[in-house]
Amino acid sequence: MKVYRTDEIRNVVLLGHGGSGKTSLVEAMAFVSGMTNRMGKISDHNTLSDFDKEEQKREFSIHTTLYPIEWEKAKINVLDTPGYFDFVGEVEEAVSAADAAVIVVSGKAGVEVGTEKAWELCDKYNLPRMVYVTEMDMDDASFRNVVEELTARYGKVIAPHFQPIRENEQLVGYVNVIKNAARRYTGIGQREECEIPDYCLPNLKIYRDTLLETVAETSEDLMERYFAGEEFSVEEIRSALRVNVMDGSIVPVGMGSNTMAQGVANLLSDIVRFFPSPDKRECVGFNRTTKAIYEANYDFAKAKTAYVFKTMVDPFIGKYSFVKVCSGVLKGEDVLYNTSTDAEEKPGKLYTMQGNKPVEVQELHAGDIGAIAKLSATRTGDTLATKNTQVVYPKTDHSVPYTYMKYVVKSKGDEDKVSQALAKIMAEDVTVKVVNDSENHQTLLYGMGEQHLEVIVSELANRYKVEVTLETPKVAFRETIRRTSDIDTKYKKQSGGHGQYGHVKMKFEPSGDLETPYIFEETVVGGAVPKNYFPAVEKGLQESVGKGPLAGYPVVGVKATLYDGSYHPVDSSEMAFKTATMQAFKKGIMEASPVLLEPIATLKVTVPDEYTGDVMGDLNKRRGRVLGMTPVQGGKQIIEADIPMTGVFGYCTVLRSMTGGRGTYEYEFARYEQAPSDVQEKEIAKRAAEE
């Protein structure tokens, strides 16, 4: 592929609800542009974007893929993203590297929750956007309904600039609202001029008035001419549109059919005409060398810097770090400095990726997106620069995974293989997390939802040939005491030769500090227990608090005082006093009114206003205590509640179901509280059954 200058590059992310047609749009773009000579189908498992076995099996995108399209002397780096919310980390990576977005909406399904989330992401990253309505070749598709829904939600910024011509429920052509002219399709991706049908005129007038009014508002001169009834030239309209699209004050709406490759050429031309090249966007980092702000702004004349926005780890083709060049011109022979890990990296070769196919390029100019193979010390979020200009760019703000399950390795001896495979998956997907919960003897796998975890398990089996099963995790209960007990325990054993003898008198009481397992004090007088056995007594306590006598959970908040005892000059040993202490502890806890403590989390749920009642009702069922509500932008509320950790398990699926996918949540551990008697009884019964 030829080298493109910064002003010839367009970095575009495709966003939208799952199943809206993003992947098939990439197929149509590649076909219309001549990059491929056939269009793959998702159902045939042969698309350019969905090359992963998991994606083919499930028939939806899981990873973001890059496919560069050459069109009208420009290079369009198309980033195709997953539509399902469990894979939002991939979407966030793509959005961080894009300079504009095409929001794909199904003409059949209309505006869905994925459309709304796409719009919110564009707002967050300040991305210019246009909407492309797919499936216009389908019987029950309606462009007008989509436009009305978008206008109802987002107001006057919505400006259709193409209108479908449909006959017998089929897409046969379109009207170009800017040119006020019609075209009829004559074959796949081909068209010819035709008259505008009469039935298109009423809607065309609405669309054209909206467009011209928006154009007129860009300058006083155009406003005067508009009120004087003068016509604007096509170039004047396009020029004004470009300004408006770039500042977000207008969102053009196009349409077409991916399977018939209709409307796709218009979309590609609009991307080149209306979307900004990278040098029109801001890009700022921090120069560690000069301790000053570094305004890269995709200037090819500045020092070389690049941001690693994504990593691909493929068992067959290896590891590729996807970079967006923030300044300068990258070349294969460059020696780059990773300012995040303080390591030198030598790219050797530079590539652009066509799906999973690396295509070598000689250089990458500022603003371009490419890939570098086998960077050993580089991860997603790192910055590559030079040793003389050590720039660091802020890392992408990724969603935090809150859904978790315990995983168990199926085959003994595969633990290391599973750990290595998960490390590769985590390098590729920043929203996957593994936590070793040694306290409960379990390893937890975190993801963005249950489907996400299911895909990870499947990838382990198919990609890395190791199997794990997911199980309900243990909740980290604690045990403590409410009263005081006084225990006298003697450990005596005689078995020929030296025996064992340890005798302790101990008092157990609440310490008032639930952060600390135990506090040990000794008040022994007269050498009843020699000082050299005090460490053994404390060791006995230390080992005992790990697994309490009530339900096998760690013990906290206990003060243990050794106040008396006795010893044998020959038979006493550290082991004997440790054993005596452990026996005293077990008895002492059970006689001091032991209780279970359950972990409480502070939960924040963000939902549209209309769902607050349902969410609060559900939280009450989960023993949650609603603390308050805060209205936020976009007609939403943040509901804050304290909730037991047992109530958080499985909440992701329930919340999505209740709110149609519009609700989000986050939580963090707050404190421990005494568990209700029914919960305590259940846990004690479970412990008894296990034993």
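A: Start with a term: buried means under 20% relative accessible area, exposed means over 50%, and partly exposed lies in between (1.4 Å probe, protein chains only). Helices (H or I, at least four residues) and strands (E, at least two) are DSSP runs, numbered from the N terminus. In α3, the buried residues are Gly89, Glu90, Val91, Glu92, Glu93, Ala94, Val95 and Ala97. That is 8 of the 10 residues of this helix, which runs over residues 88-97.

Q: What kind of model is it, and how are residues numbered?
A: The model is predicted: local features need pLDDT of at least 70, side-chain atom pairs count only at pLDDT 80 or more, and totals for chains, interfaces and linings use all residues. Residues are numbered from 1 along each chain as its sequence is written, and side-chain values use heavy atoms, with hydrogens and water left out.

Q: How many helices and strands are in the chain?
A: The chain has 17 helices and 37 strands. Its C-alpha trace spans about 110 × 60 × 50 Å along the principal axes. Of the 691 residues, 55% are buried.

Q: Is α1 buried or exposed?
A: Helix α1 is largely enclosed by the rest of the structure, because 8 of its 11 residues are buried. They are Lys22, Thr23, Leu25, Val26, Glu27, Ala28, Met29 and Ala30.

Q: What covers the buried residues of α1?
A: The cover includes β1 (9-16), β2 (65-71), β3 (74-80), β4 (100-106), β5 (129-134) and α9.

Q: At what angle do α1 and α9 pack?
A: About 85°, with the axes of α1 (residues 22-32) and α9 (residues 264-274) 9 Å apart. Axes are lines fitted to C-alpha atoms, for helices over the stretch in contact, and angles run from 0 to 180 degrees between N-to-C directions. So α1 is roughly perpendicular to α9. On that scale, under 35 degrees is roughly parallel, over 145 roughly antiparallel, 65 to 115 roughly perpendicular and the rest oblique.

Q: Which residues of α1 and α9 meet?
A: Leu25, Ala28, Met29 and Val32 in α1 meet Val264, Ala265, Leu267, Leu268 and Ile271 in α9. Contact means heavy atoms within 4.5 Å.

Q: Which residues touch the most other members of the largest nonpolar core?
A: Val13, Met29, Ile76, Leu79 and Val102, in a core of 102 residues. Helix α9 gives the largest share, 7 residues. A nonpolar core is a set of buried Ala, Val, Leu, Ile, Met, Phe, Trp, Tyr and Cys residues joined through side-chain atoms within 4.5 Å. A second, separate core has 29 residues, including Phe477, Val605, Ile639 and Val679.

Q: Where does Pro599 lie?
A: In strand β34, residues 594-608. Pro599 counts as buried because its relative accessibility is 4%. Beyond neighbours within four places in sequence, Pro599 is in contact with residues including Val475, Phe477, Ile643 and Tyr672.

Q: Switching topic, how many disulfides are in the whole structure?
A: A search finds 0. The cut-off is a pair of cysteine sulfur atoms within 2.5 Å. Cys326 is in no disulfide, and the nearest cysteine sulfur, that of Cys283, is 3.8 Å away.

Q: Is Cys326 buried or exposed?
A: Cys326 is buried, at 3% relative accessibility. Cys652 is buried too, with a relative accessible area of 7%.
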